[in-house]
Amino acid sequence: MSLSSTDPLIIPEQPFLKRVFGMLWADKFAFVAAIFLIIVLVLAVIGPDWLGELAGKQNLRGRNLAPFDWGREWVYWLGADALGRPLLARIIVAGQNTLMVASGAVVMSAVVGTFLGLIAGFSGPRVSQVIMRLADVIMSFPSLLIAVIVLFLLGSSILNLVAVLAITRIPVYLRTTRAEVLEIKERMFVQAARVMGASSRRILFRHILPVVLPTLTTLATLDFAYVMLAESALSFLGIGIQPPEITWGLMISQGRQYLTNAWWLSFWPGLAIILTTLSLNLLSNWMRIALDPVQRWRLEMKGRKNG
Amino acid sequence: MADHLLEVRNLSVDFFTAAGVVHAVRGISYHLDRGETLAILGESGSGKSVSSSAIMNLIDMPPGHISSGEILLEGKDLLTMAPNDRREVNGKRIAMIFQDPLSHLNPVYTVGWQIREAMTTHGMAQQEAEAETLRLLGRVGLPEPEHAVGKYPHEFSGGQRQRVMIAMALALRPDLLIADEPTTALDVTVQAEVLALLKELQRETGMGVLIITHDLGVVAEIADRVVVMEKGVLVESGTVREVYKNPSHPYTKKLIAAAPGKGEMHRPAVKAEPLLVVRDVRKRFGAFDALKGVSFDLAAGETLAIVGESGSGKSTLARMLLRLDEPDAGSAHWKGRDLFKLSPAELYKLRRELQMVFQDPTQSLNPRMTVYQLISEAWAIHPDILPKAKWQERVAELLVQVGLSADHMGRYPHQFSGGQRQRIAIARALALEPRLIVCDEAVSALDVSVQAQVIRLLDQLRRDMGISFIFIAHDLPVVRDFADYVMVMRKGEVVEMGTVTQVFDTPREAYTRALFAASLDPDPDVQAAHRAARLERAS
Amino acid sequence: GSGPIKIVLAEEADLLEPCMATRSNIGRIIMENVSETLTELDVRGKKGVMPRLAEKWEQNTDGSWRFHLRHGVTFSNGTTFDAKDVKHSFERIMSPKNACESRRYFGGMNVAINIVDDYTIDFKVDPAQPILPLLMSLVTIVPEETPLEFIREPIGTGPYKLSNWTPGQQIVLSARGGYWGEKPQVTQATYLFRADPAVRAAMVQTGEADLSPSISQLDATNTKTDFSYLDSETVYLRIDHNIAPLNDVRVRKALNLAIDRQAFVGSLVPDGAVLATALVPPTTLGWNPDVKVFPFDPDGAKKLLAEAKAAGVPVETPITIIARTANFPNVTEIMEAIQAQLQDVGFKVDLKFVEVAEHEGYYSKPFKEGRGPILVAASHDNSKGDPSFTMFFKYASKGTQAGFSDPKVDDLIQRATAAVGDERAKLWSQLIAYLHDDVVADVLLFHMVGFSRVSERLDFKPTIATNSMLQLSEIGIK
Amino acid sequence: MLSFIRKRSLSSLISLIGLLVLVFFLSRLTGDPAALFLPVEASAEMKQQFRELHGLNDPLLVQFGHYVGSVMTGDLGESLRKARPALDVVLEAFIWTLWLAAITMSLVAVAAIVVGSLAAFRSGGFFDRFSSMISLIGASVPDFWLAIVAIVVFSIQLAWLPTSGTGSVLHWILPIAVLFVRPFGIIVQVVRGSMIGALSSAYVKTARAKGVKAGPIIFVHALRNAMLPVITVMGDQAASLLNGAVIVETIFGFPGVGKLMIDSILQRDFNVVLAAILVTAIAIFIMNVLIDLAYALLDPRIRH
Ligand SMILES: Nc1ncnc2c1ncn2[C@@H]1O[C@H](COP(=O)(O)OP(=O)(O)OP(=O)(O)O)[C@@H](O)[C@H]1O
Ligand SMILES: Nc1ncnc2c1ncn2[C@@H]1O[C@H](COP(=O)(O)OP(=O)(O)OP(=O)(O)O)[C@@H](O)[C@H]1O
Ligand SMILES: [Mg+2]
Ligand SMILES: [Mg+2]
């Protein structure tokens with residue numbers, strides 16, 4: 001006997017991808033952001049092979065060419081840099097290194113930080129103390145010093161740079177996660193899971209992590225911008241990525257001295273960073289809603305109306 | 001004719017969900033006058049809470065949507081009122097007691113602060129509000145109000161939280177009080193006090209009371225009129241007597257017929273080898289002795305009901321048996337091993353044998369998991385119980401067993417009514433096929449017909465599979481129907497313990513007798529007689 | 001007129017120690033303003049070494065130098081200046097109890113000082129030092145009471161005394177009474193420090209400062225206030241001759257021919273910069289006008305490379321250019337362009353930017369074992385008028401930055417150092433030509449140009465020495 | 001609480017010592033200060049003398065022993081570059097940074113919480129979109145860019161504010177404004193995210209049922225529940241202001257500890273680096289203790 005009280009108008013569940021697309025379509029900003037990011041990704045993958053040569057082609061007579069000269073080849077539409085190299089091409093080519101460094105550092109720090117944070121929040125006071133004091137140490141270790149030490153001892157390479165940037169960002173994730181875990185683990189559903197015999201691992205990853213995740217995603221997307229800029233600061237000090245490699249951060253720091261004379265040198269790569277961060281953030285806000293059952297109707301409803 | 005205090009006309013509420021539109025309330029109408037008490041009875045999930053939320057303007061819109069109707073407060077439509085005026089109405093003119101006190105209290109503020117705020121928001125001076133808070137907490141029967149005001153919600157027992165909710169709602173002496181299952185977590189003596197308090201206030205201020213309840217006894221005790229809902233539709237209305245004596249709609253008939261407390265009492269067999277031996281368990285919270293030495297035995301296939309005063313330590317005891325809190329002293333031997341001394345690894349192995357249904361269902365369900373995930377998690381943790389291919393089928397089966405339907409599987413907890421959530425929690429506990437289930441007020445939010453169904457289910461499991469139950473409840477008729485042994489608790493101590501027949505038929509202790517005396521009868525006539533007798537005793 | 005001025009500098013002086021005044025960030029503030037020297041090099045005219053605290057000097061018959069000191073000079077602490085102070089100053093510089101950097105100019109010399117009387121002093125140097133009077137322009141004079149350790153409050157005989165020093169914020173010098181010389185127009189100078197060139201330029205523009213000796217070429221847009229001046233910095237690529245393929249002269253020549261130096265001028269290097277044929281600027285003694293800049297000849301370079309390759313030189317080996325960020329303006333772009341130009345003729349070139357400590361590791365001996373062929377981009381400053389401050393360190397076998405060792409070079413340096421007058425000039429000229437044409441010691445690039453912004457209320461023209469010394473008494477107020 | 005602070009101080013002390021040991025050894029592996037202090041032309045002999053003078057020739061362990069010995073007596077050594085006690089140098093600079101960070105973070109906290117909360121209250125609305133856009137741009141704009149543009153606009157074009165330096169209240173405006181932007185951008189987003197969750201909880205419904213106004217619902221009921229991650233991220237931002245406001249300090253000629261630290265690191269002025277790290281680390285440790293206290297203060301469930 002079923003005492004089911006309501007008989008909802010059952011609409012069959014759509015396949016997963018279609019549902020995601022529907023939800024994405026429902027948030028036009030996120031949709032545009034996703035498209036933008038896909039383009040950026042694709043360009044990052046093919047950029048160096050496609051435009052690498054062009055991006056390195058110097059022309060001292062065409063230095064600091066102003067942007068918006070539609071008469072020229074399209075790669076010059078955003079102007080040229082101090083060596084007359086086409087900025088648009090350079091931005092596209094630089095995308096690869098930039099995304100590699102930024103996503104490498106962000107993912108590494110987020111994963112390690114979150115993991116340690118989960119442990120610190122969930123385990124006994126002793127382990128937690130050790131982890132937290134470690135975080136304190138990293139937090140008060142100036143990032144530049146870490147950079148100098150690591151890059152001096154291990155040599156400069158993209159991987160080492162990623163490691164340096166990642167180390168310095170670990171404490172935020174660690175502390176945020178721990179703080180949230182401390183609160184969430186007191187919630188009843190966590191206790192319910194424990195009663196069912198769920199292992200600590202399961203409780204951490206299935207019950208606690210999903211609640212912390214939205215905050216962490218927000219942080220991570222913001223850190224994307226942070227890491228790109230930090231990388232540019234390191235380059236500026238002579239450690240980190242150096243020409244002829246290019247990243248957006250490096251382009252910004254190279255354009256720095258031309259700020260008042262040729263704004264476009266650092267403006268366009270800056271814009272690239274801003275747009276990427278913005279897109280990531282729009283997408284992470286969207287994801288936050290899409291992953292939250294209590295909020296999800298916002299997307300599903302609109303998706304339905306439109307589609 | 002003057003306007004009614006409250007008139008609901010043709011109200012319909014829909015919810016948007018991924019699986020489609022849920023018509024939670026469909027064109028219901030009723031009214032309520034000053035000084036009157038209207039009870040809404042109905043099956044769990046029939047739209048009672050939703051319709052009252054609509055009156056309070058608390059439905060999230062969207063995904064909710066009031067598709068038709070008017071809600072008139074003294075002739076003025078609340079649905080079309082300007083937001084600022086509307087806000088003034090809440091708290092001051094209409095107040096609400098929520099069904100699920102834990103999640104409805106702000107975890108980071110003291111209860112005193114939260115009650116005071118109701119008053120200061122509407123212009124009362126701080127000092128006055130403080131005094132009033134103390135008075136209110138005293139009136140709802142919370143012990144040591146001076147102490148209680150400074151405590152946080154998580155430091156209270158379920159019933160105590162409910163009383164905090166009540167105090168908060170009564171703070172401004174509203175014209176209309178909406179009480180959504182206000183007494184489910186209260187023991188009968190406190191329940192009686194609270195109901196008396198409502199009546200008294202009603203007399204003083206002419207307050208109209210809209211009470212949502214499953215307890216026919218409460219209806220008989222307090223209500224003037226009653227409406228019955230089923231599947232979002234209002235199926236019957238009338239005075240309490242009319243409806244009880246002459247139900248016209250089949251659902252109403254079924255409901256009244258299902259009222260507990262009429263069947264045979266269990267007669268437990270001679271004591272078998274005890275499965276669980278609890279000895280002298282003690283627990284302190286700060287300076288407060290929550291448990292002062294509790295001991296009992298429990299054998300396989302037996303049900304021990306724990307009844308007693310709200311705040312007497314029942315949930316605390318349950319939580320300690322499951323090692324969610326650490327006891328200060330005592331032992332609990334499960335199949336000869338002391339639960340309190342097990343290492344985490346050993347405990348893990350025992351987990352699937354001991355399960356618990358929590359008192360606050362909302363909070364005990366992970367809001368990010370669907371019903372399917374919630375229930376099947378049991379098997380993900382203990383893969384040997386059921387192969388993955390069968391999960392879907394078994395979840396559906398369990399849902400139907402507890403009176404839900406298979407197509408609820410993809411929904412999330414927030415999309416359910418209080419009673420439905422409670423059933424999900426029960427289904428989850430059953431999924432593990434444990435040896436012992438601790439049910440902390442597990443059926444209190446269910447309407448009597450579903451309650452009967454669930455009790456039957458549990459009883460059957462007990463018989464067929466030898467599952468033991470520790471059944472914490474306030475509802476004495478349910479206890480009477482289901483328990484083998486009854487343990488009465490008060491102030492952290494066991495007052496009386498015995499077989500169900502012994503405790504119910506020949507209670508030894510005064511407190512136990514007081515409990516029975518305060519118990520309510522679903523028959524309005526019987527209840528009226530009780531009331532008269534009580535008044536006589538009092539005077 | 002007269003009055004106070006404000007000067008904004010790029011780099012703060014972390015010390016105001018007189019014996020460190022040869023370091024530019026310190027010297028710019030105290031050299032000849034607070035602490036004076038016996039002699040002074042004329043950088044505006046062609047007068048060479050001029051008297052300052054010494055009125056005149058001559059070489060004794062035994063080869064020692066005798067200085068006749070000025071009478072009536074007092075230190076800002078009131079004590080009188082005499083020969084004892086000079087002796088103490090010199091000994092202080094040579095003392096191992098401190099890290100005075102002027103000591104480096106007297107490396108390898110034995111100096112015996114003999115006080116003849118209060119105002120006469122003899123310096124006997126072994127080996128003989130024909131340019132001792134010039135060297136004395138680097139020795140700041142402190143009172144004899146000055147301890148050997150570094151001091152925080154410089155006392156000197158100069159026209160100014162330190163009146164306020166708030167580390168991180170400002171240093172104030174005020175004119176003092178009792179100065180032996182002419183009273184300067186500037187009564188007080190406040191030094192401010194801003195690392196960013198755009199900010200320095202802006203400060204003069206808004207009136208927050210009156211003088212900024214170094215601004216960026218890009219900001220030098222106002223002809224009324226902005227001046228360019230040859231700033232004695234010479235930019236070059238130091239070649240490490242020890243490692244193939246750079247040990248082959250054809251390869252080194254090819255490097256030189258491959259670079260289009262002229263194309264840089266007016267683009268990445270300001271107009272007014274001079275293509276270098278020597279590591280010392282044209283104002284230096286013995287600078288050789290006959291040495292010609294390598295032409296831009298990519299075909300010639302290719303040909304040389306091919307020849308070298310045919311001779312079995314591993315020209316394919318990747319060569320690394322080591323450069324330091326912010327070493328000189330546009331260093332990144334210049335190095336990238338050079339890299340591209342070298343690659344155009346067929347070199348394999350990597351570019352590596354490092355921070356200052358690492359750069360130093362590549363630039364100076366001992367060189368790292370197992371290094372590949374490297375070119376170190378560096379900038380060298382010699383405004384002292386004599387090549388000896390350069391040649392030994394950069395080219396002698398024992399020189400700390402020398403990338404090769406050549407007996408003929410060693411010999412020329414040794415002889416030139418000991419020579420005087422025209423002979424000295426001739427030898428230096430020879431050395432310069434030999435280094436450039438025969439050894440092809442390094443890839444010389446430019447003598448750089450600096451820009452300064454001077455408020456219109458000041459009357460001041462920067463000179464080649466402005467980098468290391470900024471004499472307030474030379475600043476006029478309109 | 002006192003015992004909590006005592007315990008925390010003790011464990012912080014241990015990690016502080018660990019930090020110093022780590023920095024001491026690692027930094028000494030990164031090159032020779034003699035080569036940087038002396039001009040490139042300096043002879044090997046001079047370099048040797050310099051090292052002798054500063055005890056840099058001893059084996060690392062001996063150097064460490066000396067250092068520990070002098071630290072015990074409260075002496076953190078001399079700055080190689082400045083020939084002054086390293087601690088004096090650092091403290092002088094640290095005061096500036098502390099003020100800069102404190103003022104900036106206070107402004108950021110207030111502004112970001114207000115903006116983020118309001119954005120969350122009407123999430124998806126115009127204000128939300130607008131403030132998100134602004135804050136994200138803020139979070140991804142390079143600070144030197146902002147600094148130079150601010151100087152060009154406010155000091156040169158409009159001539160309202162001094163370009164740089166210290167002295168008057170006006171001098172503080174631009175540096176603070178520039179420092180403000182990034183943490184503001186980040187914290188707005190964190191507040192927003194956290195608040196969306198808090199605003200949809202049941203207790204907010206209770207507050208609405210009590211007739212509480214929107215203001216208190218947001219800032220009293222929801223905010224306190226949403227504060228945990230916000231405080232953490234604020235702490236992180238404050239920490240990076242405490243040891244990393246380099247660009248702003250450099251451009252605006254602000255005599256803070258960030259620039260000092262960078263210079264000392266690049267010049268291998270070890271004693272200053274160690275002293276600077278010690279001072280900022282103590283500040284950061286104190287801040288972290290305060291943050292942990294704040295957690296407990298904000299959420300009674302965390303108090304044990
Ligand atoms: N946000 C929501 N989304 C979808 N369905 C919902 C939502 N909220 C409530 N419902 C559905 O509306 C119906 C009515 O719920 P309501 O809470 O009013 O029940 P109830 O009568 O109070 O039951 P109970 O006695 O169990 O508390 C239920 O079937 C529930 O599943
Ligand atoms: N964390 C805590 N801190 C302080 N006191 C607590 C805490 N938890 C429970 N208590 C107190 O312990 C007593 C017993 O609580 P418990 O929840 O066991 O009561 P109960 O018998 O289950 O009552 P109810 O029937 O109302 O649910 C109550 O007085 C409660 O205030
Ligand atoms: Mg309900
Ligand atoms: Mg309870």
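The following legends describe close-up views of a predicted model. Residues are numbered from 1 along each chain as its sequence is written, and chains are lettered from A in the order in which they are written. Local features need pLDDT of at least 70 and side-chain atom pairs count only at pLDDT 80 or more, whereas totals for chains, interfaces and linings use all residues; side-chain values use heavy atoms, with hydrogens and water left out.

**View 1. Chain A as a helical chain.** The secondary structure of chain A comprises 11 helices and 0 strands, where helices (H or I, at least four residues) and strands (E, at least two) are DSSP runs numbered from the N terminus. The C-alpha atoms occupy a box of roughly 85 × 55 × 30 Å along the principal axes. Chain A has 307 residues, of which 63% count as buried; buried denotes under 20% relative accessible area, exposed over 50%, and partly exposed in between (1.4 Å probe, protein chains only). Among contacts (heavy atoms within 4.5 Å) in chain A between residues at least 6 apart in sequence, 68% join residues at least 24 apart.

**View 2. The interface of chain A and chain D.** Chain A contributes 51 residues to the contact and chain D contributes 64 residues. The buried area between the two chains is about 5200 Å², with 71% given by carbon and sulfur atoms; this area is the accessible area (1.4 Å probe) that two parts lose on being put together, summed over both. Between chain A and chain D there are 5 salt bridges, each a side-chain nitrogen of Lys or Arg within 4 Å of a carboxyl oxygen of Asp or Glu. A salt bridge links D:Arg8 to A:Asp136, with the closest N and O atoms 3.8 Å apart. On the side of chain A that touches chain D, the elements giving two or more residues include helix 4 (125-139), helix 8 (200-236) and helix 10 (264-291). Helix 10 of chain A supplies the largest share of that side, 10 residues. By class, the side of chain A that touches chain D holds 27 nonpolar, 12 polar and 12 charged residues; Ala, Val, Leu, Ile, Met, Phe, Trp, Tyr, Cys and Pro count as nonpolar, Asp, Glu, Lys and Arg as charged, and the others, Gly among them, as polar.

View 3. B:Arg351 belongs to helix 13 (residues 344-351) of chain B. This arginine is buried without a salt bridge, and the nearest side chain of opposite charge, B:Glu326, is 7.5 Å away. Lys and Arg count here as positive and Asp and Glu as negative, while His and the chain ends are not counted. Apart from neighbours within four places in sequence, B:Arg351 has contacts that include A:Arg194, A:Met196 and B:Leu322.

**View 4. Two cis peptide bonds in chain C.** The bond from C:Ala244 to C:Pro245 is cis, with omega near 5°. C:Pro245 is located in the loop between strand 12 (226-239) and helix 5 (249-258). C:Lys365 and C:Pro366 are also joined by a cis peptide bond, with omega about -5°. C:Pro366 lies in the loop between helix 9 (356-363) and strand 16 (374-381).

View 5. Most residues other than glycine have a negative phi. B:Lys335 counts as partly exposed because its relative accessibility is 47%. C:Val440 has a positive phi of about 50° and is found in the loop between helix 12 (421-439) and strand 17 (442-454) of chain C. C:Val440 counts as buried because its relative accessibility is 1%.
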